[in-house]
Amino acid sequence: MALEKTSRRSFLKGVLAASGAVAATVAPQQACARDTLQRPPEGLGLLYDATLCVGCQACVAACKQANDNPAEFNAMDKLWDTPLDTSGHTFNLIKMYRNGTMEQKDSELNGFSFMKTSCMHCADPSCVSACPVSAMLKDPVTGVVGYDPDACIGCRYCVAACPFGIPKYQYDSPTGKIGKCELCRHRHDEGHYSACAEVCPTGATLFGRTEDLLAEAKRRLALKPGDWARMPRGRLPAQNETPEQAAKWKGLLDQSYEAQVGNYLQHVYGEKEYGGTQVLKLSAVNFQKAGMPDLPPKSSAATSETIQHSLYGGLIMPIAVLAGLTWVAKRNVVADDEPAKGGKS
Amino acid sequence: MSAHPHASSANLAAPVGGKLFNTATFICGILIAMMVAILIVRFIFGLGAVTNLNDGYPWGIWVVVDVIIGSAFACGGFSVAMLVYIFNKGEYHPMVRPALLASLFGYTLAGVGVIFDLGRYWNFWHILWPTYANPNSVMFEVALCISCYIIVMWIEFSPVFMEKWGMKVQKKKLEKVLFFFIALGTLLPMMHQSSLGTLLVVMGSQVNPLWQTPIVPLLYLLSAITIGYGVVLFESCVASSAYRRTIEMHLLQPMAKIMLGMLAVFIVVRTVDLLVRGALGHAFTPSLEAFYFWLETGFFLLPFLLVGSAEARRNPARLFLAGCSIMLAGVFLRVNGFLIGYDTGPGWNYFPSIAEMLVTIGMFAIEVLGYIIITRRFPVLPREEAQSAH
């Protein structure tokens, strides 16, 4: 009887300890909630305007050159670089939306449109949150999401995590790296901004501070479709930019020209998606139809890190659970030659 | 490991003995040789040369099966040790060693298997090096935790080698502090088995709502514990049949009941979560995802039909099938979350290549071979004479 009682009591203790452990391991706490991160104020980015894009792919070629990437052949004759999607060797691509007879540009019905595919430089990037070895890092000032191949272990969690499908791995190499747009940050010191924006003949891809690009996007949305308006090309100067600041960048300051205002959807893609991205997009065709995912304002990195930090913040919970488990285990584990305690034989 | 008040392991466990070279070990050897050949190609020419991995499915079976499912299958040691040392169910003590051995292999190989999949494997040590650490990363927590657990398990299992090699003094010293490693060995799997599920969270809406939930860590933890008992049922039956030993029915019957209890908790949590999030509708749309959801759910429910009654639990075949069913359920929960329900947009497909499958099979062959060698030569399985006393 005595034995029965004791073991039942310690069994119940075990149940208590273990259910406490399970509850403690899994119950998320409000105190550790991690909000969706916001764009840094000086963050750099691009504005892509699908209605201005003519699909010439000059940006694709310039990107290849700026990043020393090889051509990828998908056509019968291996004459032209013909990537079908971004890859470990293609960081930027203009994709096409097609419908019916494809007569009308920027029309969802019987029309076509273009869409730039490259890193969005999220305010709260999933890839940065996912990377176990800090090989993906977001610059605190420019907000550029950069990649360090010397730190990377090649686990491809960033590839799996990104909702835009941007980080890509080089499966064709025994020492493959992750390939993605880094906004040409390696050229910034020489005064060069993103190659795609530098070469874009129509200003469909514009480089600048995201805050300025957002204001420019909203200016365009307020214009009357079909009217003629001035559209900047290359780099959009920052608001109240001093000549010294402007001198940092090469190229003509004002390359603007008169263009017809597109029939925009009243949506700046990237303003709010996942807490905002530093690359913004305008389009006349539904963004989901053009290949951009429909994302909530809350980033999945925030959800994931809230769970992680609730459970492991300061290692408080694991240590508390370990203390409980150690206490119970010490009572239940008895060495071979030690007399068993508590009336057990 | 230390003796329990109800049963002294030193007196109960004994090597099975017999030849090491037989049909089973020969087949394992061939499978392992094929794996090595494929891995040589992989390391010379890259992942693309042998796998069907692509940027839409950057994780294939080497991650999902070898690591995520492999480590869940290796939860027998954790589940049984928790039963014995935390819930003080000493009668299950004879099952600790065999279960721990299988876990040891499962986890060690999962740790080694990761290297094959890492695209920049020579940087592997970064994950344990403080200057590279990213505490926000779920993967970081998983990797650190699994690495620690592998070490802890080798310590937990080391008394087996000490017994064999007559290291009495060392064994005695270790046994004085073993309770701490047992506690650690219970905490660590709780941490990483839940986090293996949390890996899905950052993937956001790319994962079907049937498997994307903020409580995914709880689901993975509960299912891992349940799978732990299922694996013990499976292994006990297979080991008994292969070594022509008596099946430990007096232990497997109540263990099956405990498994059903855990399973019931899992099913309640899973159902409530699907209802609260309003995700159940996805299970009723005609889609591949819905089909696999019901397949998974079917395997989770099947054990209640197989071993729901006390009479059914007296049938070893039913216990074996219940173990298989729960293992398959765990396979589908994980494959569905990471592959079937993972959708990165149109145009992306993945089905493992023959070479990928051969590597995964080769990894399991190492486990089987190691289990055979160690149980035949070291005191792991309960001594047969002792069994007849019950």
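Predicted model: local features only at pLDDT ≥ 70, side-chain atom pairs only at ≥ 80, totals over all residues.
Figure 1. Residues are numbered from 1 along each chain as its sequence is written, and chains are lettered from A and ligands numbered from 1 in the order in which they are written. Chain A has 9 helices and 12 strands (DSSP runs numbered from the N terminus: H or I and at least four residues for helices, E and at least two for strands). Of the 345 residues in chain A, 46% are buried (buried: 20 or more other C-beta atoms within 10 Å of the residue's own; exposed: 12 or fewer; partly exposed: in between; C-beta atoms are placed from the backbone).

**Figure 2. Where chain B touches chain A.** Here 65 residues of chain B are in contact with 63 residues of chain A (contact: C-beta atoms, placed from the backbone, within 7 Å). On the chain B side, α2 (23-45), α3 (47-50), α5, α7 (138-164), α8 (168-198) and α9 (216-242) each supply at least two residues. Which helix gives the most to this side? That would be α8(B), with 14 residues. By class, the side of chain B that touches chain A has 39 nonpolar, 20 polar and 6 charged residues (Ala, Val, Leu, Ile, Met, Phe, Trp, Tyr, Cys and Pro are nonpolar; Asp, Glu, Lys and Arg are charged; the others, Gly among them, are polar).

**Figure 3. Helices α5 and α6 of chain B.** The axes of α5(B) (residues 76-86) and α6(B) (residues 96-117) come within 7 Å and cross at roughly 145° (axes are lines fitted to C-alpha atoms, for helices over the stretch in contact, and angles run from 0 to 180 degrees between N-to-C directions). The crossing is left-handed, meaning the near helix is turned anticlockwise from the far one by less than a right angle; clockwise would be right-handed. Among the residues that meet are Phe78(B) and Val84(B) from α5(B), with Leu100(B) and Leu104(B) from α6(B). This contact involves 9 nonpolar, 3 polar and no charged residues. As for α6(B) itself, 18 of its 22 residues are buried, so it is largely enclosed by the rest of the structure.

**Figure 4. Helix α4 of chain B.** A straight helix of 13 residues would span 18 Å at 1.5 Å a residue, yet α4(B) (residues 61-73) spans only 15 Å between its end C-alpha atoms (expected span: 1.5 Å times one less than the number of residues). Helix α4(B) is mostly covered, with 13 of its 13 residues buried.

**Figure 5. Cys237(B) and what surrounds it.** You'll find Cys237(B) in helix α9 of chain B. Is Cys237(B) buried or exposed? Cys237(B) counts as buried because it has 20 C-beta neighbours inside 10 Å. Skip its neighbours within four places in sequence, and Cys237(B) is in contact with Ile247(B), Pro316(B), Leu319(B) and Phe320(B).

**Figure 6. Helices α10 and α12 of chain B.** Helices α10(B) (residues 249-276) and α12(B) (residues 316-340) pack at about 35°, with their axes 11 Å apart. Their crossing is left-handed. Pro316(B) and Leu319(B) are among the α12(B) residues that meet α10(B). By class, the contact has 9 nonpolar, no polar and no charged residues.

Technical notes:
Contact = placed C-beta atoms within 7 Å.
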